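Please keep the sequence and the structure in view while reading.

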Amino acid sequence: MADPQKPQYDKPYCWKCKGHTPFKTRTVTSTSDYGATGSSRKVHNCRDCDDIMKEPRVLDSAYYGPLGIGCLSVYFIITSAGLLFFAIDRAANGEHDKIIWILGMLALLAFLLLVLPIVVLLRATKRYATWKQWAEERGWVEPPRKERAWKKGDA
Ligand SMILES: [Zn+2]
C-alpha cells in the first residue's frame, strides 16, 4: 500500500483526511432525458470519510495546457462581448420601458455565463493551492508548467 502521506500529483487526494488515502472508484454515467447514455466519468470516494477525492492535477490550470487556457479565454471574451452587444443593442432600440427587465436578464446571464464559471475556477485553484502547500511540506517540488500539462497517454 502506498504511503498516503507521499504527495502524488496524479493520484486522488482527500482534502478532509489530508492524504492520498485508500479510495473506491465508481463510474458515473450521465443519462439524458431521452435515455441515451452520455459521457461517463470516474468518481473516487475516500474509504475513511467517504468524501469525494480528486487528483490534484485536475484542479491545476497548468494541466490543461496552453490550449485549455486559450479555449477558456476565448469563451470569456466571446461571452462578455455577446452580453455587451446585447446591452448596447437593447439600449440603442430605446426600449426604456423594459429597462428593468433587460437589466435583470443581463444580470442573470452574466451570473450564469461568467460569475459561476469563475467561482468554480477559483475554488479549483484554491483546492490545488491547499494540496500544493501540503505536498511541499512533504518535500514535493512543483514541476514547471510545461511538464504539468496533459500529455497523450495520461490516464
Ligand atoms: Zn477522507
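**Helices, loops and domains**

Lys132 is partly exposed, because 17 other C-beta atoms lie within 10 Å of its own. The scale behind that word calls a residue buried if 20 or more other C-beta atoms lie within 10 Å of its own, exposed if 12 or fewer, and partly exposed in between, with C-beta atoms placed from the backbone. The model is a predicted one, in which local features need pLDDT of at least 70 and side-chain atom pairs count only at pLDDT 80 or more, while totals for chains, interfaces and linings use all residues. Residues are numbered from 1 along each chain as its sequence is written.

Lys132 belongs to helix α2. Helices (H or I, at least four residues) and strands (E, at least two) are DSSP runs, numbered from the N terminus. From Lys132 to Phe85 the sequence separation is 47 residues, and their C-alpha atoms are 40 Å apart in space.

Ile102 is also placed in helix α2. Ile102 counts as partly exposed because it has 17 C-beta neighbours inside 10 Å. Between Ile102 and Ala87 there are 7.8 Å from C-alpha to C-alpha, for a sequence separation of 15 residues.

The pairing of the two helices comes next. Two packed helices are described by the angle between their axes and the distance between the axes. For helix α1 (residues 65–92) and helix α2 (residues 99–137), the axes come within 11 Å and cross at roughly 180°. Here axes are lines fitted to C-alpha atoms, for helices over the stretch in contact, and angles run from 0 to 180 degrees between N-to-C directions. α1 and α2 are therefore roughly antiparallel to each other; angles under 35 degrees count as roughly parallel, over 145 as roughly antiparallel, 65 to 115 as roughly perpendicular and the rest as oblique.

Which residues of α1 and α2 meet? From α1 come Phe76, Thr79, Ser80, Leu83, Phe86, Ala87 and Arg90, and they meet Ile102, Leu106, Leu109, Ala110, Leu113 and Leu114 in α2. By class, the residues of this contact of α1 with α2 are 10 nonpolar, 2 polar and 1 charged. Two residues are in contact if their C-beta atoms, placed from the backbone, lie within 7 Å. Ala, Val, Leu, Ile, Met, Phe, Trp, Tyr, Cys and Pro count as nonpolar, Asp, Glu, Lys and Arg as charged, and the others, Gly among them, as polar.

α1 is hardly covered, with 0 buried residues among its 28. At 1.5 Å a residue, the 28 residues of α1 should span 40 Å, which agrees with the 41 Å between its end C-alpha atoms. The expected span is 1.5 Å times one less than the number of residues in the helix.

Beyond α2, Gly139 is found in the loop between α2 and α3 (145–148). Gly139 counts as exposed because it has 8 C-beta neighbours inside 10 Å. The C-alpha atoms of Gly139 and Val115 are separated by 36 Å, at 24 residues along the chain.

Lys18, in the segment before β1 (23–31), has a positive phi of about 55° although it is not a glycine. Lys18 counts as partly exposed because it has 13 C-beta neighbours inside 10 Å. Asp50 lies in the loop between β2 (37–46) and β3 (52–53), and its phi is near 70°, a positive value in a residue other than glycine. Asp50 counts as exposed, because its C-beta neighbours inside 10 Å number 12.

At the level of domains, the chain is divided into domain 1 (1–54) and domain 2 (58–139), with bounds from an automatic or database domain assignment. Their contact takes 7 residues from domain 1 and 8 residues from domain 2.
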